[in-house]
Amino acid sequence: MFVYCDNAATTPICRPALDAMLPWLENYGNASSMYKMAREAKTALEDAREAVAGCLNVPPETIYFTSGGTESINWAIKSGVLRHPGRKHIITSAIEHHAVQHTVQFLESQGYEAAYLPVDKHGFVSADDLRAAIRPDTALVSVMTANNEIGTVLDIALLSRAVKEIDNKILFHTDAVQAIGHIPVLITPDIDMLSLSAHKFGGPKGVGALYIRKGPALTPLLHGGGHERGRRSSTENIAGIVSMAAALDYATRNMTDSIEKCTALRDRLIRGILETIPYSHLTGAPGGGQSGKHRLPGNASFVFEAVEGESLVLGLDAKGVCVSSGSACSSASLDPSHVLLAIGLPHEIAHGSLRLTIADTHTEEEMDYVIESVRAVVERCRFISPLWDAKENCPTERFWDR
Ligand code: PLP
């Protein structure tokens, strides 16, 4: 059996997105040119903008197309801080994706100061901590909508409100790359900028968007021919943009159904793994019932004591199950994920992490196959692990009893 359980890393392109894309690979017109073929491309571009805006319930002129989540985030944060030349302070959270974290670190190297808000054991940021971190020279706050590793869904409406109540001039950006297309995201007037990426919701790679609320005029990150109303230069990727719009439309129309299916499959997976594998723990917010809405519907993330995450990934690959350990970007490094450390896991436990991210196309049989595969691979890894023998000395009871 082959089961792809790494949808947070990327999703397969959905049929409507593929169908929408193909004609725009044949029509290669440059949307900035004047002849018919180019005008058609320009019309398709603006139709896609309207479709994306419609799915997000925002005006079309607030949508700017980019090359993906990373570019949108870099643009929002780097140009966002430039809006307040006198302010040199940035606030973000300790569990952001590297696209945010490394951008903020770059700005620190350029003379900015940054506060990294702590999170609780489920990955939630407290509004009180956020309020306390705000300074008179705070230029921008960037807190993610949903975490890519542990699937925690943060209360962005509450956090952005808390910022604006103290200082309306501070810009609020949210990295919504893991949320858009998967859960309803309400873009309130307190949210100035929001980043999204097509390949996380059934669209192609290399295309995304930045929502910029009407009002804050962001300086461009990319200078050049003046595309995207002078804010983001480079010849538009019409095929990618049209395809992203089709994917988002499809995801939005099917969202209620998809959330219901994914949640049921996810909770089966979580139950099955926790019940059959000793010393296994769910990371992130609890699944199941009402509280399950604080967890992305497709995310089931765990740590297994006395196991290395990398060995689990390779063992599961041999059984046809695609998963990751920590985030895709950090999986090449030996350091445990900063997200797992931020929720308070000790290093040795954070090393045994496994992230399964499922889709509504999965079946119960596939989930049962995944549960049995994870059980067998964890057992095998522990059998040959010196850590498993030494488990008596492991301080984990104390950690999990907190
Ligand atoms: N932000 C989050 C939360 C992500 O999960 C990712 C991708 O993994 C990104 C940003 C980067 O998006 P992209 O791959 O489109 O650059």
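**Ligand site and core**

Helix α4 (residues 69–82) contributes three residues to the shell around the ligand, the most of any contributor; helices here are DSSP runs of H or I, at least four residues, numbered from the N terminus. Please note that this is a predicted model, in which local features need pLDDT of at least 70 and side-chain atom pairs count only at pLDDT 80 or more, whereas totals for chains, interfaces and linings use all residues. Residues are numbered from 1 along each chain as its sequence is written, and side-chain values use heavy atoms, with hydrogens and water left out.

The ligand is surrounded by 13 residues, and the closest are T70, D175, Q178, S197 and K200; a residue is near if one of its heavy atoms lies within 4 Å.

For S197, a side-chain N or O atom is 2.6 Å from an oxygen atom of the ligand. D175, in turn, places a polar side-chain atom 2.7 Å from a ligand nitrogen atom.

I turn now to the core. The largest nonpolar core has 65 residues, of which L56, I63 and F65 touch the most other members. Such a core joins buried Ala, Val, Leu, Ile, Met, Phe, Trp, Tyr and Cys residues through side-chain atoms within 4.5 Å, buried meaning under 20% relative accessible area with a 1.4 Å probe, protein chains only. Helix α8 (residues 238–253) supplies the largest share of this core, nine residues. Because domain 1 (15–252) and domain 2 (255–400) both give residues to this core, it lies between them.

Note on methods
A polar contact is a pair of N or O atoms within 3.5 Å; within protein, one must be able to donate a hydrogen and the other to accept it, and residues adjacent in sequence count only if both atoms are side-chain atoms. Helices (H or I, at least four residues) and strands (E, at least two) are DSSP runs, numbered from the N terminus. Buried means under 20% relative accessible area, exposed over 50%, partly exposed in between (1.4 Å probe, protein chains only). Domain bounds come from an automatic or database domain assignment.
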